Amino acid sequence: MENNDILIRLRYALDIKNTEMVEIFKQGGFDVTKEVVLKILTKSPDNYDEDDNGSEFAEDEAHIKCNNKMLDSFLNGFIIFKRGKQDSNPGEPERPAQPVNESVNNILLKKLKIALTLTSEDIIEILNEAGVQITKGELSALLRKKGHKNYKECGDKYARNFLKGLALKYRD
């Protein structure tokens, strides 16, 4: 599943307005305009080149491809948007941004769990609503840090159905 598709589905599931999308990106440290957000939220053409060129985003006239850095910024901004900025303790240095080296789907699950203050039971229930059965142990493996012996990469099936379940839960 592409990052643009994740943003489109997340925006629909949680009924996020375009102006809120711009604000969320800004809170995550990525300045975009409403026009750029609209280009990100368009369906992607099937003729992407797989190289990233190191640019902030690959662009054509009607579409902007969302890279991992942009999606991570959005998810960080979404946590701040929903829960507020976390104050660091006095004397504690601010933590630098971690490079994205995990599966995008694992990061999506973790950060949405934080932003929406979901418990593991909530996530299992959301996936059940979408028709996917998962045990608490399997979910725990998806939420672990990469490199942990029980870490499991989250497939598109879980991510897609998690977003579908969010839509069912929040758009009633």
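**Exercise 1.** In this predicted model, work out how the axes of helix H4 (residues 68-83) and helix H5 are placed relative to each other, and which residues make the contact.

*Solution.* Start with the axes: those of H4 and H5 come within 9 Å and cross at roughly 10 degrees. Next, bring in the cut-off: angles under 35 degrees count as roughly parallel. H4 and H5 are therefore roughly parallel to each other. Now look at who touches whom. On the H4 side, the contact includes Leu71, Leu75, Phe78 and Ile79; on the H5 side, Val104, Ile107, Leu108 and Leu112 are among the residues. Finally, sort the contact of H4 with H5 by class: 10 residues are nonpolar, 2 polar and 4 charged.

**Exercise 2.** Repeat the analysis for helix H6 (residues 120-129) and helix H8 (residues 156-170).

*Solution.* The two axes come within 7 Å, crossing at roughly 90 degrees. Angles of 65 to 115 degrees count as roughly perpendicular, so H6 and H8 are roughly perpendicular to each other. H6 contributes Ile123, Ile126, Leu127 and Glu129 to the contact, while the H8 side includes Tyr158, Phe162 and Leu166.

**Exercise 3.** Find where Asp15 and Thr117 sit, and check their phi angles.

*Solution.* Take Asp15 to begin with. Though not a glycine, Asp15 has a positive phi of about 50 degrees. Asp15 lies in the loop between helix H1 (3-14) and helix H2 (18-27), and is partly exposed, with a relative accessible area of 42%. Then turn to Thr117, in the loop between helix H5 (104-115) and H6. Thr117 is not a glycine either, yet has a positive phi of about 45 degrees.

Technical notes
Residues are numbered from 1 along each chain as its sequence is written. This is a predicted model: local features need pLDDT of at least 70, side-chain atom pairs count only at pLDDT 80 or more; totals for chains, interfaces and linings use all residues. Side-chain values use heavy atoms; hydrogens and water are left out. Axes are lines fitted to C-alpha atoms, for helices over the stretch in contact, and angles run from 0 to 180 degrees between N-to-C directions. Helices (H or I, at least four residues) and strands (E, at least two) are DSSP runs, numbered from the N terminus. Angles under 35 degrees count as roughly parallel, over 145 as roughly antiparallel, 65 to 115 as roughly perpendicular and the rest as oblique. Contact means heavy atoms within 4.5 Å. Buried means under 20% relative accessible area, exposed over 50%, partly exposed in between (1.4 Å probe, protein chains only). Ala, Val, Leu, Ile, Met, Phe, Trp, Tyr, Cys and Pro count as nonpolar, Asp, Glu, Lys and Arg as charged, and the others, Gly among them, as polar.
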